[in-house]
Amino acid sequence: MSNQREHWGSKAGFILAAAGSAIGLGNIWKFPYIAGENGGAAFIFVYLICIALIGLPVLIAEILIGRTTQRNPVGAFKKLSGKPFWIIIGSIGVMAGFIILSFYTVIAGWSIGYIVEALKGSFSQFADPKVSSDYFNNLVGNAGWVLSYHTLFSLLTMGVVYAGVNKGIENGSKIMMPVLFILLIILVIRGITLPGAEKGLAFFWSPDWSKITGQSVLIALGHAFFTISLGMGAMMTYGSYLSDKDNIPIASLQIVFLDTLIALLAGIAIFTSVFAMGQDPAVGPGLIFHTLPVVFAKMPGGVIFAVLFFLLLTLAALTSAISLLEVVVAYFVDERKWPRHKAVIVFGFVTLLIGVPSALSFNVMSDVLFFGHTWFDNADFLASNILLPGGGLFISIFVGWVWGFDKVYIELKKGSETLFEKHPRIILGWKIFLKYVSPVMIMIVFLHSIGLLESAILQIRTNWVMISLIVTVIYLFINLKMRNNK
Ligand code: TRP
């Protein structure tokens, strides 16, 4: 390579950037409402198990691939395997980055829009959830409103990535993550000091085991993936800016801990407020945009807390979006030798454009359906339910079965010698989870997500996905066999 690859300036810089990628809309918008819908504490218990059993082992594997190869996902598989199959897996990761970013910026854009609404005092008129949800539908029904904030958020993301790994991503995360944490603590204190907050805490902490079904276990599993940014090489790319001095297992544990902590705190802040203000906790995805503004309208000092809340959500989304753009940029910088600035501008604008139909899915294009769903729903479905679990499955198969554990151990040991010497059982446990537990569990989530489809047209798509899955698995086995016979 012509110019020297950038590296994280410090261990804390990496942890904060990676935690920044993990902590996003998934933690603050999605986790509280799915916990709310699936029995609160019981669901959280299942979710924590999924994080530990799948999330942590796969996170270690992804970061390890990145650090070993010092490359983006495509370059990484090229270097480690060279087989077209694995290079395609890497490319799918880069594509998934484009797709997720294109709709992620739309929701993140709403969040910026809601900071402005909060500042304007729009929420004070929200006497009940009906007024609030009408107001929301009105806003997202306005193409100009959605597009402007989508564009604004995309430009912010580009700005940070443009500045580079150290100056942009690392420094940005070092400022944004502590601010995010402080904002969240303020909101938690506000929540638990409201009269009636105990009901919210009880809902969040006292398990209702009857709500735990096969379905909710699978939701917990799928979310574990999304929330740690696994399955498309984002953590691989961040890992590629690490050096051999860093302890990957410990860093991974810290990232997972921070991600889980923030999700739980967001849940506490939201449910204490929702219950104290007598709102319904199980309204689903609208919880943040429909229900919370009503809560803020009724709360003393509500305007300030509303601004803080949506600022928190925007910052969390921004540190995640930059990790998505960075995957695409790293690919063009490493593999195509593009200058970083050019890659950021070109692909920032490309994702901005791919995002336009997602932004219009709530207004002008709400009736334009593909496979019976809007563009936005398709993009979300394709990325979250197919590409991410699929990517995660192959990453664990690659590290668990293809790479060769002798080599894996040599790489993992760098920076974590003490762990290897003092706790060899932990390392053995990781190997077992990665080889057997994670792939099997991911497979279950994957098949389930596909099984979720209802209509006949979607059924065709299901078959198509099933066929490609089967072909891929067969190909993989032939590949492995040939390797073993060599
Ligand atoms: N983890 C982020 C969230 O919880 C979203 C995200 C960022 C992501 N980068 C990713 C999800 C890569 C999957 C893959 O909101």
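Student: How many of the 28 residues of α16 are buried?
Tutor: In this predicted model, 22 of them are buried, so α16 is largely enclosed by the rest of the structure. Buried means under 20% relative accessible area, exposed means over 50%, and partly exposed is in between (1.4 Å probe, protein chains only). Helices (H or I, at least four residues) and strands (E, at least two) are DSSP runs, numbered from the N terminus.

Student: Where is the kink in α16?
Tutor: At Leu387, shortly before Pro389, with an angle of about 30°; the helix covers residues 375-402. The bend at a residue is the angle between axes fitted to the seven residues ending there and the seven starting there. After α16 comes Gly404, with a positive phi near 105°.

Student: Zooming out, how many helices and strands does the chain have?
Tutor: There are 20 helices and zero strands. The radius of gyration is 22 Å, close to the 23 Å from the globule rule for 486 residues, so the chain is as compact as a globular protein of that length. That radius is taken over C-alpha atoms, and the rule is 2.2 Å times the number of residues to the power 0.38.

Student: What share of the 486 residues is buried?
Tutor: Buried residues make up 59%. Of the contacts (heavy atoms within 4.5 Å) with a separation of 6 or more, 82% join residues 24 or more positions apart.

Student: What does Ser438 touch?
Tutor: Leaving out residues up to four places away in sequence, Ser438 touches Leu53, Ile54, Pro57, Val58 and Phe433. Ser438 lies in helix α19 (residues 424-451) and is buried, at 0% relative accessibility.

Student: Switching to charges: how many salt bridges does a search of the whole structure find?
Tutor: Ten, where a salt bridge is a side-chain nitrogen of Lys or Arg within 4 Å of a carboxyl oxygen of Asp or Glu. One of them pairs Glu335 with Lys78, with the closest N and O atoms 3.0 Å apart. Glu335 is in α14 (residues 302-335) and Lys78 in α4 (residues 73-80), so the pair ties together parts that are 257 residues apart in sequence.

Student: And how far apart in helix α5 are Glu117 and Lys120?
Tutor: Three residues, so they are separated by about one helical turn. Their closest N and O atoms are 3.5 Å apart, forming a salt bridge. Glu117 is buried at 3%, whereas Lys120 is exposed at 58%.

Student: Which residues are linked in a network of salt bridges?
Tutor: Arg67, Asp244, Glu411 and Lys414.

Student: Last one: which residues make the nonpolar surface patch?
Tutor: Leu155, Tyr162, Ile345 and Phe349, giving about 350 Å². The elements that give two or more residues to this patch are α7 (143-162) and α15 (340-360). Patches use residues with over 30% relative accessible area and no salt bridge, joining like charges within 9 Å and nonpolar side chains (Val, Leu, Ile, Met, Phe, Trp, Tyr) within 5 Å. Accessible areas come from the Shrake-Rupley method with a 1.4 Å probe; for residues, only the protein chains shown count as cover.

Conventions
Residues numbered from 1 in each chain as written. Predicted model: local features only at pLDDT ≥ 70, side-chain atom pairs only at ≥ 80, totals over all residues. Heavy atoms only, no water.
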